[in-house]
Amino acid sequence: MEREAIWFKTQEAEESMRIIAEKMLQLRPRDEIRYRPYRVLPAAKQEKILEALHVDLKQIYPEAKEGDTAFVGTVLKSIADDTMALVVQGDVTVFYRGEKVYDASRENAGEKKILMLEIKKGENEVVFLCRCGKSGFGVSFTPCVSHYPDMWAKDYLLHIRACSPISEFYDEDGVGISRLYHEETEFDGVYVYPDVPKPSDTISFDQIFPDSEGVCAYALTYCMEDTVLKYQLHSPGKVMVNGTEKETSGEISLKKGDTVLIKSIRSKRWGFSYEENPSLGIPFLHSSRPCGDRWLTLGTFGSEEPCLDFPMGPELELQFNRPYQTENWKKIYWKLTDSHDTIRPYMDTCFFAQWFYALMVGQYGLLQAADVLKQPEYQKYFIDGMQIMAEYFTYVNYEAEQFGDPTFMARATHLYDLDSNGSMGMNLAELYRLTASPEALHCIKTLADAMFRNIPRFADGTFYRGDTMWADDVFMSCPFLVRLGKATGNSFYYEECVRQIKGFYQRLYRKEKKLFSHIFFVKEQQPNEVSWGRGNGWIFISLADMLSHMPKETDGYAWLLQLFCEFAEGILRQQDESGLWHQVLDQPDSYLETSCTGMFLLGICKGMRYGWLERSVYELPAKKAMEGLLKKCIDEDGNIYGVCKGSGCSMDARYYKELGTVNNDDHGTGIVLSALAEFVRNAEASGTIRASDAER
């Protein structure tokens with residue numbers, strides 16, 4: 001630890017929890033949705049979630065010949081100072097922050113190259129000198145978290161956007177592309193693509209929606225200051241202010257805050273013109289474009305001209321957190337006044353309102369702290385973040401269809417693994433319990449359907465991952481399933497929990513150790529016989545969670561309880577003298593690990609509180625675990641140390657021993673908060689709270 005242990009500041013679980021929670025909120029500040037313009041560039045696409053941006057210069061310069069060059073530039077915007085893995089592929093020379101950092105001409109230009117670079121909070125310019133060759137002309141690049149160089153740093157640990165280097169597109173996602181050179185030369189800093197939109201006083205729907213089938217389109221603006229809107233309709237239409245239709249006289253007086261919606265019906269000249277007015281605009285749109293971006297457009301709807309008097313789309317509801325739907329079931333969303341320009345919502349954080357299982361662990365821990373400490377602001381952080389996820393769930397799936405990768409919540413678009421499903425479902429179920437949010441209910445139903453439709457299963461119904469089964473997936477499924485049972489009253493979900501545990505038990509349980517292996521390899525039909533700490537922790541806290549929610553009369557409940565108690569015995573045997581548990585539980589030469597210690601403390605305390613575990617046997621080990629966490633894993637400022645980074649899998653225990661640790665990772669922070677909360681609940685039930693009692 002870099003600073004003194006929290007133990008020397010306080011031995012109180014509640015105060016420790018408060019310090020950790022405040023540090024968590026400091027490191028993971030809440031954020032808000034920001035809407036930005038986005039210019040669609042067919043030559044620059046990110047086709048899959050969290051993967052590379054591919055820039056194909058042949059689409060812009062089909063005449064390019066071998067030896068020709070062009071420059072591709074972007075600005076990597078980071079929310080923090082950090083180390084980045086920039087993954088590059090193509091025959092390119094890379095200039096980062098003005099310095100040459102890689103030249104593919106001296107290596108194999110066809111291979112991916114991982115460049116470890118220091119990235120600064122804010123703007124970091126990258127320029128790629130691209131050479132045209134037989135294998136292509138362009139570049140693919142991915143800015144990644146340094147220790148996960150296989151996915152775009154967007155939703156977890158680090159947030160980086162690739163923004164346009166062209167000033168008129170400042171802070172918009174994109175790249176700039178230079179003119180074509182017939183030799184290798186220095187860059188003059190001039191980008192010629194994409195074109196910069198020019199101001200216009202006319203909205204031409206036939207140009208904005210050139211291939212549309214519908215006959216009705218809308219334009220929207222807001223009044224920023226009291227003013228007069230002067231306009232001329234070129235086709236049949238109507239003008240609405242704050243939802244009320246006005247006479248189409250060509251001039252309307254507006255008050256600050258008014259919303260103006262113009263509906264237009266397709267005709268020979270489809271649209272309207274207006275007198276430029278700086279008092280009109282889109283107040284929530286973050287744009288640096290010289291054209292002003294004063295109007296949004298939406299279309300198209302309807303199939304017959306009478307739709308002028310029939311309310312559609314934004315007349316029924318003016319909203320920006322999901323796509324609209326047309327009569328032929330097509331989804332559409334707001335554009336600007338150019339066919340290439342749309343708007344997109346952004347969440348500029350890698351923690352708040354992002355769809356990743358570890359973040360759900362962190363937020364669930366904060367919710368537990370809110371309950372024990374009676375801190376409504378912690379609960380509000382949980383509710384607000386989860387509600388944004390629920391509200392934008394439909395939209396990000398639409399974005400994935402349109403652009404390949406949404407601006408945030410990318411993993412919500414790929415519900416084919418339990419990591420992207422179960423823990424989100426658990427937290428959304430908690431959101432629904434707290435708020436009865438209809439958006440949360442929609443997500444819960446969708447996730448439940450995805451879990452039962454998309455996840456591979458063995459013949460006995462147990463989930464697995466194709467080639468492997470992971471202990472982790474007990475947590476990624478059962479806490480959600482048991483909450484589905486609570487929410488619906490359907491005992492099927494409780495029975496499904498029992499079915500899953502029996503399948504994992506059959507393949508992973510090491511009876512002689514009373515521990516679980518981490519992985520079952522399907523082809524070999526054998527477990528790896530490695531009892532990874534956190535893998536066992538996932539199962540232990542899931543069993544405790546299921547038993548606390550499931551009716552006792554559920555068929556299989558007694559067996560689950562027996563397994564939990566037997567498993568607790570195996571865990572207890574492996575506790576280190578420090579009170580902590582090891583990365584590989586039964587191998588003392590592996591390091592002492594924080595997240596599994598928190599998980600075992602959590603499960604043991606819940607077991608004592610519910611009367612499943614003998615207090616006389618487990619109370620002292622629980623206090624030792626609490627003391628160990630406060631002395632060795634948490635500093636006085638609430639930073640969490642010694643949390644194993646996200647794991648892959650191996651038959652070899654050395655793989656797990658060599659996995660590094662991450663500070664303030666949600667696998668640890670959330671679990672420690674949940675463990676401390678359960679320690680307090682149990683201690684209140686038993687009449688003891690101080691961890692220092694372990695010394696007596």
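Biologist: Which residue of strand 20 does T221 stand opposite?

Modeller: T221 stands opposite V260 in strand 20. This is a predicted model, in which local features need pLDDT of at least 70 and side-chain atom pairs count only at pLDDT 80 or more, while totals for chains, interfaces and linings use all residues. Residues are numbered from 1 along each chain as its sequence is written, and side-chain values use heavy atoms, with hydrogens and water left out.

Biologist: What makes strand 15 and strand 20 a pair?

Modeller: Two strands pair if DSSP finds at least two bridges between them, and strand 15 (residues 216-223) is joined to strand 20 over seven bridges in the antiparallel sense, so they pair. Y218, for instance, stands opposite K263 in strand 20. A strand here is a DSSP run of E with at least two residues, numbered from the N terminus.

Biologist: How do you know that strand 15 pairs with strand 22?

Modeller: Two bridges join strand 15 to strand 22 (residues 280-281), and the strands run antiparallel, with Y222 opposite G281; the rule asks for at least two bridges, so they pair.

Biologist: Why is strand 20 called largely enclosed?

Modeller: Seven of the seven residues of strand 20 (residues 259-265) are buried, so the rest of the structure largely encloses this strand. Buried means under 20% relative accessible area, with exposed over 50% and partly exposed in between (1.4 Å probe, protein chains only). T259, L261, K263 and I265 cover one side and V260, I262 and S264 the other, all of them buried.

Conventions: Helices (H or I, at least four residues) and strands (E, at least two) are DSSP runs, numbered from the N terminus.
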